[in-house]
Amino acid sequence: MRSLRKGRLATTAGTLAAVCVLATAGAAVAKDPGGSQFDVDGSNDGDGGQTLESRIVYTGSTGRDKAEASEGFTPAGDWSPPACWYEPKWTPDEFADEFRNGWDIPHASGVGEAYRAAQDYYINGNPYKDFNKKQAGKGIWWDAVRDETRAEAGDPSAFACDTKTFWVENGEAPNVENAVTPEVLAQLAYARIKVPDTRVTLAPPNTTKVNLPTWAWLDQTTFDEVAVTASLDVDGVNIQATTTAKPVSLKLDPGTDDADTYPASGECTINADGTIGEPYAKGKANQTPPCGVKYLRSSGDGTFNLQATITWEVAWTGTGGAGGDLPDGHFENAQAVTVQEIQAVNR
């Protein structure tokens, strides 16, 4: 038994997803499997194909050029960027080539019917005729793409785009959820922002004493805003969006209840010059740090895990003057702190 050839079309959401026909208990049932793949069972549960390649281009703080970049930040709340979306893919001639190159019809019950149904849908006029070649230059075929990383992680939302390949006239916006718009591009750019993997500067560094205030700060040179631009330019569809993340606060968690934070909330706000906290300098030993921590007991033979959480405020601008806010992002970094007892000498 031959199988569908694995290629771009074999992974296309609607191209082959349009009308997969299942043979079950002697009856054929039409089903749109969707996703960014096609399998003969008409299901997204398996991933026998490859993900359809996106034509979106990302530039900016994506982490590719900076070894010190982190793995990104986590959106606040339960919001997340799209795990799958729709974008323009093919002219009529390109779509025809993809369709014909991708179909290798197995001699198996039900699959031949699926092929005939797909022919009817895209070739025989029910509803499209000859891949809409007479409309060449007036529109383009759109299809689904999914976030490969989230798909590999088994995120169900990566398989949620199950609308079959569809035609969009030039200048029209498809009425399909997660169809690419400047705002969707901004959300996709959000997922690709990499923030600096910044460690908080401490004084004393790494090792401190019980009841001794430890100063904490971040300077502007390592704590500045970052941005990613997502662009799409395909046969008349030319849009883009830039998503910018700006650091606004640092929250300290000492790693033990036996500690005080400065301020008491543990949240250090950003200064007017873009820094957070204040560097320790000679002569400040008796002062209270604007941002820091005081441990009330020793860490013994171990260390305390000082957790520093940086909050990034996120906004976007896009084609046509569009723009707005996106959920804040949080980035956490842990540092081991050794706390020793102050040794006193009695005479």
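Is Asp 93 buried or exposed, or partly exposed? Asp 93 is partly exposed, with a relative accessible area of 48%. On this scale buried means under 20% relative accessible area, exposed means over 50%, and partly exposed is in between, with a 1.4 Å probe and protein chains only.

Some conventions before the rest. This is a predicted model, where local features need pLDDT of at least 70 and side-chain atom pairs count only at pLDDT 80 or more, while totals for chains, interfaces and linings use all residues. Residues are numbered from 1 along each chain as its sequence is written, and side-chain values use heavy atoms, with hydrogens and water left out.

Salt bridges next. The criterion is a side-chain nitrogen of Lys or Arg within 4 Å of a carboxyl oxygen of Asp or Glu. By that rule there are five salt bridges. One of them joins the side chains of Lys 133 and Asp 93, at 3.9 Å from N to O. This pair links distant parts of the chain, 40 residues apart: Lys 133 is in the loop between helix 2 (111-122) and strand 6 (139-146), and Asp 93 is in helix 1 (residues 92-102). Helices (H or I, at least four residues) and strands (E, at least two) are DSSP runs, numbered from the N terminus. Lys 133 is partly exposed, at 30%.

Another salt bridge is formed by the side chains of Arg 192 and Asp 147, at 3.7 Å from N to O. Arg 192 sits in the loop between helix 4 (182-190) and strand 8, and Asp 147 in the loop between strand 6 and helix 3 (148-152), so the pair ties together parts that are 45 residues apart in sequence. Asp 147 counts as buried, at 11% relative accessibility.

A further one has Lys 284 and Glu 278, with N to O at 2.5 Å. Here Lys 284 is buried, at 15%, and Glu 278 is partly exposed, at 30%.

Now the backbone. Which peptide bond into Pro 204 is cis? The bond from Ala 203 to Pro 204 is cis, with omega near 0 degrees, and Pro 204 is in the loop between strand 8 (201-203) and strand 9 (207-209). The bond from Tyr 262 to Pro 263 is also cis, with omega near -5 degrees. Pro 263 belongs to the loop between strand 13 (259-262) and strand 14 (267-269).

Asn 206, in the loop between strand 8 and strand 9, is not a glycine but has a positive phi of about 65 degrees. Asn 206 is partly exposed, at 45% relative accessibility. Asn 211 is in the loop between strand 9 and strand 10 (214-218), and its phi is positive too, near 65 degrees. For Asn 211 the relative accessibility is 48%, which counts as partly exposed.

In strand 10 there is Thr 214, buried at 3%. Its side chain makes a polar contact of 3.0 Å with the side chain of Thr 208. A polar contact is a pair of N or O atoms within 3.5 Å; within protein, one must be able to donate a hydrogen and the other to accept it, and residues adjacent in sequence count only if both atoms are side-chain atoms.

Last, Gly 63 is in the loop between strand 3 (57-60) and strand 4 (74-75).
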